[in-house]
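Subject: Structure handover

Hello,

Here is the structure for you to take over. Please open it first, then read the notes below.

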Amino acid sequence: MITHATRFGLIGAGAIAQSYLLAFEKSKDAQLVGVTDISLEAATAMAERAHCSAFSDYLAMIEETDCEAVVLCTPPVTHPEITCELLKRNIHVLCEKPLAVGLSEAKLMLAAAEESTAILTMASKFRYSSDIVAAKSLIASGVIGDVVLFENAFTARVDMSHRWNSDPSISGGGVLIDNGTHSVDITRYFLGPIAEIRVVEGLRIQDIAVEDTVQIFVRSASGVMGSIDLSWSLNKELDNYVSIYGSAGTLHVGWKESKYRRAEDEQWTIFGNGYNKVDAFTNQLNDFVTSIRSGELPRISLQDALASVEVIDACYNAMWESSWSQVGSELSESVGFQ
Ligand SMILES: NC(=O)C1=CN([C@@H]2O[C@H](COP(=O)(O)OP(=O)(O)OC[C@H]3O[C@@H](n4cnc5c(N)ncnc54)[C@H](OP(=O)(O)O)[C@@H]3O)[C@@H](O)[C@H]2O)C=CC1
Ligand SMILES: O=C1CO[C@H](CO)[C@@H](O)[C@@H]1O
C-alpha cells in the first residue's frame with residue numbers, strides 16, 4: 001500500500017502554475033517538492049509559498065528532489081523537448097494544454113512515451129469539473145434522449161497583444177489552439193471521435209498575428225452536429241458554456257449552475273453548482289496520481305491528448321482552406337500500449 005504522497009515538481013512558475021499551487025495545497029495525494037522557472041526569482045517566489053526548493057534548471061530539480069512526476073506549465077512550444085527529457089528519465093508528465101503545437105511535435109512525444117515506463121498526458125481542466133462529469137453520466141443515462149446538437153462557447157475579452165499566446169512561434173496559433181483545445185477535449189468527451197470540421201475566422205479585432213475569434217462547426221463520427229464559439233475579443237455573456245440538445249430534452253452546463261429539462265418537465269432540474277477552478281485542478285491532479293499508482297488510464301488519456309492535436313490540426317486546415325476538413329486519427333489510434 002502506498003503511504004506517501006506522490007512527489008511532484010512543477011516547471012513554469014507563471015499564470016496557470018498559481019492554480020496548481022492551490023490544488024497541491026488541497027490534495028492529500030500529491031506533494032510539491034520543487035519548482036523550476038527560467039527565472040529563479042519566479043521559481044523562488046512560488047517555492048517559498050509551497051515550502052519547497054526552487055530551481056532554474058528542471059534537470060537539477062529532478063536530480064535533487066527525487067520527484068516522481070512533473071506538472072509542465074511552460075508555453076506550448078517548449079512542451080515536446082521538456083517532456084521527452086522527463087520521459088527519458090521515467091518521470092510522469094502532466095503537460096498543460098495544448099499537448100503540442102503540431103502533429104510532428106506530438107509524434108516525438110508519443111515516441112518518447114512509448115520508450116518510457118512513465119505516464120504522459122495532457123491537462124485540460126474542464127473535463128475535471130464535477131458538473132461536466134455529472135452531465136456526461138446524465139447524457140449516458142438517456143435523460144435528454146438522443147443527442148442531436150452540441151454547443152460550446154469560451155468567449156472573453158483578453159488583450160493578447162503582449163502575451164506569448166499571440167506569437168505563433170510559441171503558441172502554435174491563436175484562440176483556436178489556445179481555448180479551442182479545451183473545447184475539442186470536452187466535445188470529444190461528450191460526442192466521441194470528431195469526424196469532420198469547418199472553421200470560420202471572425203473579424204480580427206486585436207492587432208495580432210493570429211486569429212482572435214472563430215466559429216467551429218463539427219460533425220462527430222456518430223453523426224451529432226455541434227458548434228463552438230471562441231474569442232479573445234468579445235464576450236457573449238452566456239450563463240452556460242455547454243448546451244446539449246436531445247430528442248427528449250435539453251441540458252446546460254453553466255458557470256454558476258447546471259441543469260436539464262426533459263420534454264415532459266415543467267421545471268428545470270438543477271444538477272450542479274457551476275464551475276469551480278480550484279476543485280477542477282485538484283480533481284485533475286488526484287486523477288493523475290491515481291493513474292500513476294494504479295496503472296489505469298487518466299480521465300484524459302494520451303490517446304485523447306493526441307486526438308486533440310489532430311483535431312486542432314484539422315481545424316487550422318479547415319480555416320485556411322475555407323472548407324470541411326476530415327480529422328485524421330493515425331496518431332491517436334496508434335496508441336496501443338496504454
Ligand atoms: N488550463 C488552463 O486553464 C490554462 C492553461 N494554460 C497553459 O499553461 C501553459 C503555461 O501558460 P501560462 O501559465 O499562461 O504562461 P506564463 O507565461 O504565465 O508562464 C509560463 C512560465 O514558464 C516560464 N518558462 C518558459 N520557458 C521555460 C522553460 N524552458 N523552462 C522553465 N520555465 C520556462 C516562463 O518564463 P518567461 O516568462 O521568462 O518566459 C513563465 O514564467 C501553456 O501551455 C498554456 O496553454 C494557460 C492558462 C490557463
Ligand atoms: O482556460 C484558459 C483561459 O484562457 C486562457 C487565455 O485564453 C487560456 O490559455 C486558458 O487555457
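Ligand 2 sits in the largest pocket. A pocket here is found on a 1 Å grid over the protein atoms alone: it is an open set of points where a 1.4 Å probe fits, with protein on both sides within 12 Å along at least five of seven lines. A molecule sits in a pocket if more than half of its atoms lie within 2 Å of its grid points.

This is a predicted model, in which local features need pLDDT of at least 70 and side-chain atom pairs count only at pLDDT 80 or more, while totals for chains, interfaces and linings use all residues. Residues are numbered from 1 along each chain as its sequence is written, chains are lettered from A and ligands numbered from 1 in the order in which they are written, and side-chain values use heavy atoms, with hydrogens and water left out.

Ligand 2

Around ligand 2 are K97, K125, M160, N165, D178, N179, H182 and W232. To count as near, a residue needs a heavy atom within 4 Å of the molecule. This shell divides into two nonpolar, three polar and three charged residues. For these classes, Ala, Val, Leu, Ile, Met, Phe, Trp, Tyr, Cys and Pro are nonpolar; Asp, Glu, Lys and Arg are charged; the others, Gly among them, are polar.

Polar contacts come next (pairs of N or O atoms within 3.5 Å). A polar side-chain atom of K125 is 2.9 Å from an oxygen atom of ligand 2. For N179, a polar side-chain atom also lies 2.9 Å from a ligand 2 oxygen. For W232, the distance from a polar side-chain atom to an oxygen of ligand 2 is 3.2 Å. Taken alone, ligand 2 exposes 290 Å², and the protein buries 71% of that. These areas come from the Shrake-Rupley method with a 1.4 Å probe.

Ligand 1

Ligand 1 sits in the largest pocket. It is surrounded by 20 residues, and the closest are A15, I16, D37, K97 and K125. By class, the shell has eleven nonpolar, five polar and four charged residues. Helices (H or I, at least four residues) and strands (E, at least two) are DSSP runs, numbered from the N terminus.

K125 places a polar side-chain atom 2.5 Å from an oxygen atom of ligand 1. A polar backbone atom of A15 is 2.9 Å from a ligand 1 oxygen. An N or O atom in the side chain of H79 is 3.4 Å from an oxygen of ligand 1. Ligand 1 taken alone exposes 900 Å², of which the protein buries 77%.

Backbone

Most residues other than glycine have a negative phi, and most peptide bonds are trans. K97 and P98 are joined by a cis peptide bond, with omega about -15 degrees. P98 is in the loop between strand 5 (92-96) and helix 5 (103-115). D66 is not a glycine, yet its phi is positive, about 60 degrees. D66 is in the loop between helix 3 (58-65) and strand 4 (69-72).

Regards

How values were computed:
A polar contact is a pair of N or O atoms within 3.5 Å; within protein, one must be able to donate a hydrogen and the other to accept it, and residues adjacent in sequence count only if both atoms are side-chain atoms. On a 1 Å grid over the protein atoms alone, a cavity is a set of points where a 1.4 Å probe fits but cannot get out, and a pocket is an open set with protein on both sides within 12 Å along at least five of seven lines; lining residues have an atom within 4 Å of a point.
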